[in-house]
Amino acid sequence: MPRNDGVSFTSSSFKIPTPNHSLSQTLASHLFRARHSAFQLIHSLRNRSNFSRNPPAASTHSAFGIHSLFRSSPLLCCASLSLTTETDSLSKSPLLCSASLSLSQPSLPDSAQSGPEAPQKGQSTTAGRYDEERVLISEVLVRNKDGEELERKDLEMEALTALKACRANSALTVREVQEDVHRIIDSGYFSSCMPVAVDTRDGIRLVFQVEPNQEFHGLVCEGANVLPSKFLEDAFRDAHGKVVNLKRLDEVINSINGWYMERGLFGLVSGVDIFSGGIIKLQVAEAEVNNVSIRFLDRKTGEPTKGKTKPETILRQLTTKKGQVYSMLQGKRDVDTVSTMGLMADVSIIPQPAGDAGKVDLIMNVVERPSGGFSAGGGISSGITSGPLSGLIGSFAYSHRNLFGRNQKLNISLERGQIDSIFRINYTDPWIEGDDKRTSRTIIVQNSRTPGTLVHGNQHDNSSLSIGRVTAGIEFSRPLRPKWSGTAGIIFQHAGARDEKGNPIIKDFYGSPLTASGKPYDDMLVAKFESVYTGSGDQGSSMFAFNMEQGLPIMPEWLFFNRVNARARKGVEIGPTRLLLSLSGGHVVGNFSPHEAFAIGGTNSVRGYEEGAVGSGRSYVVGSSEVSFPMLGPVEGVIFADYGHDLWSGPNVPGDPAGARYKPGSGYGYGFGIRVDSPLGPLRLEYAFNDRHAKRFHFGVGHRN
């Protein structure tokens with residue numbers, strides 16, 4: 001049978017008191033006695049054969065024969081295996097009569113009394129000789145421990161079916177009898193089995209005296225706080241009223257332990273008792289969390305040190321709480337959660353035994369990163385494609401990721417390009433103190449200047465215009481459900497167009513208005529709501545995002561509009577390749593600034609076209625499909641196809657900027673490219689063709705929107 005270390009079984013007729021051995025190991029001493037008895041069977045039968053060939057005188061040598069038999073046949077002093085006779089043969093066999101009398105004073109020889117752990121030297125020699133000697137058996141029966149027929153014939157059949165060597169009219173060795181005793185015990189239906197040889201007129205009858213287990217009539221399970229009761233009900237559903245099968249019970253224990261293991265829980269069956277009346281009691285040990293503590297380690301020496309982060313800031317991130325059963329899978333998720341805070345260079349959890357039995361203390365070791373500082377760098381804007389240096393951006397920033405030791409983040413940054421410029425102050429509290437819903441708060445102040453080419457394109461005289469925006473607002477985000485998050489906020493924006501010299505303008509070269517109000521600037525107060533679903537978080541996983549913005553006309557001149565936008569993505573693994581399908585669309589109603597129209601075309605839209613060259617409308621839809629495949633190391637190849645349409649809404653944009661620039665309103669592109677993983681994200685270099693037979697390179701950093 002399979003092993004179950006740490007499990008002990010107890011019944012009214014059979015007890016295994018040692019809790020550190022498996023069920024099969026516990027039966028070892030029981031089987032040894034049966035094996036020793038089988039040795040005595042062979043020895044006594046050989047003595048009987050010698051005695052029959054040279055019988056002593058009935059009057060003068062009977063006592064001598066009996067005493068010499070006692071000295072040479074320890075079988076007659078072994079209560080576990082006896083040689084008896086039928087009643088009508090007692091008068092014909094004084095030997096057998098003497099044998100039956102000697103059973104009233106059972107005793108084992110010294111070699112047997114020493115037990116299986118310390119066999120005598122002479123015994124192993126005898127065993128080796130008897131293992132190969134054969135005795136003819138005329139009949140094989142299964143009886144109870146009193147030698148009577150079993151009440152349940154199905155159990156008798158189970159025992160007979162388990163026999164392999166012991167058959168009627170077969171010559172058996174000690175080893176074969178011993179192996180069949182093992183097989184009967186291994187069937188699981190019996191708590192004990194003794195082979196008994198009976199000499200009859202027809203020959204030697206081999207009787208296996210068995211003690212069946214009790215019938216199952218009830219289950220008591222203690223200590224299983226997280227194990228579902230239905231799991232136990234299903235495991236014992238078909239066992240009621242049937243004889244307890246220890247082998248099946250062992251399988252149930254393995255399944256319970258497997259349930260804990262699959263879920264990473266610290267739990268197992270620690271004990272089993274079978275009480276009279278057929279009541280099985282399972283004792284389950286579950287390791288409860290006694291305490292969770294944070295230990296800061298020095299980055300260089302690894303020695304404990306004082307941390308800058310408040311311990312409660314870390315502890316509130318953990319889903320593992322005091323009093324629950326410790327789960328390794330849950331602990332791993334907690335480690336990942338703390339790592340995503342961005343404060344720690346290394347995080348690990350170490351469970352240790354607590355003072356109370358069955359409980360563990362969890363120590364989370366953390367190594368802090370530097371809190372922040374100044375940084376400078378550069379990059380490329382994928383949305384700028386004209387001019388030799390217009391896509392280059394320089395940046396300077398100061399950041400602090402752990403204000404007041406509460407994981408609050410402050411970021412002040414300046415990005416500057418030939419046309420682009422963004423000055424941003426961003427303050428984020430990832431978990432508002434006192435909130436139990438993990439709500440975060442972000443305050444944003446931003447002054448930006450971006451090219452207006454997406455909607456209005458370059459002017460006919462090759463001049464350019466830019467859109468200036470001053471934005472301030474606050475947003476609140478929180479998890480809604482597993483894999484779902486929501487964001488709500490309110491943002492004020494002051495936006496308008498400027499020419500190359502930075503002067504405000506209200507119309508472009510074609511006379512199309514650049515603002516909705518007719519003034520140099522449009523003001524709007526926007527209520528924002530966004531809900532996002534993410535699968536595994538990988539770029540190829542499923543994703544859905546819905547965004548809605550509502551302009552609130554608190555002041556008469558403020559814009560009143562409603563904009564909705566949705567994006568969906570689905571990745572499918574096909575052998576070594578990956579198919580990625582994406583779809584996005586949106587619509588806006590009301591009075592809105594022309595430069596806020598949906599722009600179609602470009603690196604993150606329809607490849608093969610310049611940025612915004614397909615169309616600019618109140619509505620849009622863009623679909624894309626691409627197949628990526630590994631090439632060499634971090635390099636992978638990609639084949640793609642894109643399609644976009646403004647749903648004939650271009651003329652509905654104030655001034656119809658798309659119509660003035662002869663944008664088609666719809667188009668498709670296709671091509672191929674390579675992608676390389678880098679610390680900045682995927683570097684994308686793609687070559688695309690469009691439906692107007694134009695060819696274009698696209699370069700981007702990061703995943704496609």
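Q: How many bridges join strand 17 to strand 18?
A: This is a predicted model, in which local features need pLDDT of at least 70 and side-chain atom pairs count only at pLDDT 80 or more, whereas totals for chains, interfaces and linings use all residues. Residues are numbered from 1 along each chain as its sequence is written, and side-chain values rest on heavy atoms, with hydrogens and water left out. Helices (H or I, at least four residues) and strands (E, at least two) are DSSP runs numbered from the N terminus, and two strands pair if DSSP finds at least two bridges between them. Strand 17 and strand 18 run antiparallel, and the number of bridges that join them is 12.

Q: Which residue in strand 18 is the bridge partner of S448?
A: Strand 17 covers residues 440-451, and strand 18 covers residues 466-481. Between these antiparallel strands, the residue of strand 18 that is the bridge partner of S448 is R469.

Q: Which residue in strand 17 is the bridge partner of Y427?
A: Strand 17 pairs with strand 16 (residues 421-429) in the antiparallel sense, over 9 bridges. Within strand 17, the bridge partner of Y427 is I443.

Q: What is the volume of the second largest pocket?
A: A pocket is an open set of points on a 1 Å grid over the protein atoms alone, with protein on both sides within 12 Å along at least five of seven lines, whereas a cavity is a set where a 1.4 Å probe fits but cannot get out; lining residues have an atom within 4 Å of a point. Grid points are joined across faces, edges and corners, and a volume is the space filled by probe spheres set on the points. On this basis, the volume of the second largest pocket is about 1000 Å³. Of the 30 residues that line this pocket, the closest to its centre are Q317, T337, T340, R438 and P479, and the pocket volume is, again, about 1000 Å³.

Q: Which element gives the largest share of the lining of the second largest pocket?
A: Helix 12 (328-339), strand 18 and strand 19 (484-498) each supply at least two residues of this lining. The lining divides into 8 nonpolar, 12 polar and 10 charged residues, where Ala, Val, Leu, Ile, Met, Phe, Trp, Tyr, Cys and Pro count as nonpolar, Asp, Glu, Lys and Arg as charged, and the others, Gly among them, as polar. The largest share, 5 residues, comes from strand 18.

Q: What angle does the direction of helix 12 make with that of strand 11?
A: Three strands form an open sheet of mixed pairing in the order 10-12-11, with strand 10 (288-296) and strand 11 (344-353) as the edge strands, each pairing on one side only, and a twist that averages 20° from one strand to the next. Strand 11 and strand 12 (residues 359-368) run antiparallel and are joined by 9 bridges, and the bridge partner of D346 in strand 12 is V367. Axes are lines fitted to C-alpha atoms, for helices over the stretch in contact, with angles from 0 to 180 degrees between N-to-C directions, and contact means heavy atoms within 4.5 Å. Helix 12 packs on the sheet, touching strand 11 and strand 12, and the angle between its direction and that of strand 11 is about 155°.

Q: Which residue of strand 9 stands opposite V220?
A: Strand 7 and strand 9 (residues 279-286) pair in the parallel sense over 5 bridges. Opposite V220, the residue of strand 9 is K281.

Q: What is the relative accessible area of P228?
A: P228 is found in the loop between strand 7 (218-222) and helix 9 (229-235), and its C-alpha lies 10.0 Å from that of W259, 31 residues apart in sequence. Buried means under 20% relative accessible area, exposed over 50% and partly exposed in between (1.4 Å probe, protein chains only). P228 is partly exposed because its relative accessible area is 34%.

Q: Which residue in the turn between strand 27 and strand 28 has a positive phi?
A: Strand 27 (residues 619-632) and strand 28 (residues 635-645) pair in the antiparallel sense over 11 bridges, and the bridge partner of S624 in strand 28 is D642. The two strands form a hairpin with 2 residues between them, and the residue in the turn with a positive phi, of about 60°, is G633.
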